[in-house]
Amino acid sequence: MNPWLRSALLMVLGSGLLLILGGYLIYKDIENRHRHQAERELLLVNQLQLQNLRTWRKSRLTDAQTLMGDVPFSRIVAQWHQADAAGLPAEPALRALIQSRLRLLREQAGYDAVYLVGADGELLLTPTGIIPGNLPAAEADALRQAWDQAQPMTVEPRRDLTFAFPFFSLLAPVYFDDEPIAAVWMVMDVRASLYPLLEKWPSVSQTAESALVVDEGGRARVLTPLRGLPDAAPSLLIAPDRPDDPMLQAIQGMRGLFYAHDYRGQPVIAMASSVTGSPWYLVSKVDAQEALTSRWDELWRIAAPVMAGLLCVWLVLAYMQHKAWRRERELKHLLELQVRQDPLTGVANRLALDERLREDWHRAVRHGAPLSVLMIDVDNFKRYNDHYGHVTGDQCLRRVAEVISTVASRATDLVARYGGEEFVVLLPDTPAERARSLAQAICTAVYETAQKHPYSTHEQRVTVSIGVADLTHDPASDRHFELVRKNLLERADAALYAAKSAGKNRVKWDEMVGGTGFEPVTPAV
C-alpha cells in the first residue's frame, strides 16, 4: 500500500475515533446534566410538598390545642355532665351549647365528623344529636395517651369499618379543675384534604409521584395512594425483605436524594424527608429511565455539533443549561401559584390575600391612595349545605366566586376565599363610594343568578350579605401593617354582621367609610 495512502487512512481512522470518543464524552456530559436537572426538580417538589404537609398537620393540632384551652367550653361540658347525671332541666340547654361548639368546629375547620367522648371512650354527643357507641380501639388507645400526656393525640390515616372512607383522627382531652372530664374526637376524610397535597405534580410525567409512609414495626405502611396501586392506601405494607425499596429505606433513616427500586421493581430516583413533629416520612420519586432518557431533538443537537466541531458543542451545552434554568424557574413559579390558590373555588386563598394586602397597603400609604375591602358571606349557607349536601354546596360556592370575580374584574382587584362561605374582595385605588357601588353590584348579581335556596327569605334564592370598609390614613398607625390589617378586616366584618342582622341580601358599610356615618345601603332586591 502506498505510504501516503496508508498515512491518509490512519489519519481518517484516527479522526473518526476522536470524533466517536468526543461524541461519547459529550453524550455522557449531557446525560449527567439531565440527571442533575431531574434531581433538582425532585428536590424542589419534595420540599414544597413537605411544607404543605407541615402546614396541614399544624393546623389540625392547633384546632385541638385551641379546644383544650377553651375554658368556657370545658365549664359547659362539666355542667352538662352534672345536669345530665342529676336529671336537671338545664341539661337540654347545656347540651345544645356543646353541640353548637361541635358544629362550629366541623363547619369552619372542615372536619367530616366531630364527637364529644366520655372519659371511658363512650360516644356522648355529635353536632346533631346523641349517638350510641364507643371509640374504635386505635382511638381508645390514643385517648389514654392523651390523658397520660395531657396533650392532643393523633391516629394516622387508616381504614376502619367505622367510616366508609380513609380518615385521620385527632383526640383533644377536655379538663375542668385539672380533672379529665371528656374529650373531643375529630375525624377528617383524607381523600379530600390530605391526598390532594401530594397528587398534583407540576411537570408532565408518567411515573413521578409522592407518598407518605410511617414505620410500623420495621415495615413501611403507605398512607397515600400510589399510581400503580391507587386503592391500596392506607393499608399497604412494604416488608423488610425488600431492602432496596425507597419507602423502606426512608423509615430506616435514609434522607436526601438516592437511587433505589420501588414497589414495581423499577429503578427510580428518590428523595426522602421526615415531616417534623410527626411519624410521617415523605418519599418523592420518578423512574430513572424517564428522568434520564434524552429526547430525539436533544440527540440531534449532540450529533450535529460533534460533526461540526467543538465550538458548536459548547453552544449546545450552553443552550441546554439555559433551558434547564428556565424550566426550573417555571416549575417553581407554578408551584408557588398553587400554594396561593384556593383549590375549591379557584380564587386566591388567605396567604395570597395577606401578601397582596401588604403590597397594596404600602402603595396606599406611599401615595395617599384609597384602599377598600368587601367582606362577603353567603346567606344561610349552612342550611343550604345540610339540605343539598357538600357536593352541591361546593358548586354553589364556585358559582358565587365566579360571579364576584366577574364583577370585581379589574387587573388590580383580588377576590379571595376567607374561609368556609366567606369571601374578601381587595380593591386598591378604589374610594369608598365606588366600593359601595361595586358591593351593591355583587349583591345584585348573585341574586340574579337565581340559584334555588329553600331556606332563603328572599324569593328562595341564594343571596349574599356584604360589609364594606376602607383604609383611613393615620400617620400614627400607618407604619404598623398588622394593626392596620386587623382594624380594616374587623371593621369590614362588623359591617357584614350588621348587614346580616338587618335582614341579609344587602350591603352595609363601616361608619368610617367616606365619613358619612353608618347607614344601610338599599338591598339588592
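Contact here means heavy atoms within 4.5 Å. The model is predicted.

**Exercise 1.** State what share of contacts between residues at least 6 apart in sequence join residues at least 24 apart.

*Solution.* Start with the elements: the protein has 15 helices and 16 strands. Now take the contacts between residues at least 6 apart. Of these, 60% join residues at least 24 apart.

**Exercise 2.** Find the residues that touch the most other members of the largest nonpolar core, and trace the elements behind this core.

*Solution.* Begin with burial. Of the 525 residues, 47% are buried. Next, the core itself: it has 39 residues. Ile-98, Leu-116, Val-184, Met-186, Leu-212 and Trp-280 touch the most other members. Then the elements. Those giving two or more residues include helix 1 (3-68), helix 3 (91-109), strand 1 (113-118) and strand 5 (179-189). Last, look for a core apart from this one. Another core has 30 residues, among them Tyr-384, Val-403, Leu-438 and Val-446.

**Exercise 3.** List contacts of Trp-280, leaving out residues up to four places away in sequence.

*Solution.* Among the residues that Trp-280 touches are Trp-56, Phe-168, Leu-194, Leu-212 and Leu-223.

**Exercise 4.** Describe the lining of the largest cavity.

*Solution.* First, count: the structure holds 1 cavity of 30 Å³ or more. Its volume is about 30 Å³. Second, name the lining: Asp-360, Arg-363, Ala-364, Ala-369, Pro-370, Pro-428 and Asp-429. Third, sort by class: 4 nonpolar, no polar and 3 charged residues. Finally, assign elements: helix 11 (residues 350-367) gives the largest share, 3 residues.

Conventions. Residues numbered from 1 in each chain as written. Predicted model: local features only at pLDDT ≥ 70, side-chain atom pairs only at ≥ 80, totals over all residues. Heavy atoms only, no water. Core = buried A, V, L, I, M, F, W, Y, C linked by side-chain atoms within 4.5 Å. Buried < 20%, exposed > 50% of the residue type's maximum accessible area, 1.4 Å probe, protein only. Helix = DSSP H or I, 4+ residues; strand = E, 2+ residues; numbered from the N terminus. 1 Å grid on protein atoms, 1.4 Å probe; cavity = no way out; pocket = protein on both sides within 12 Å on 5 of 7 lines; lining within 4 Å. Points joined across faces, edges and corners; volume = space filled by probe spheres on them. Nonpolar A, V, L, I, M, F, W, Y, C, P; charged D, E, K, R; others polar.
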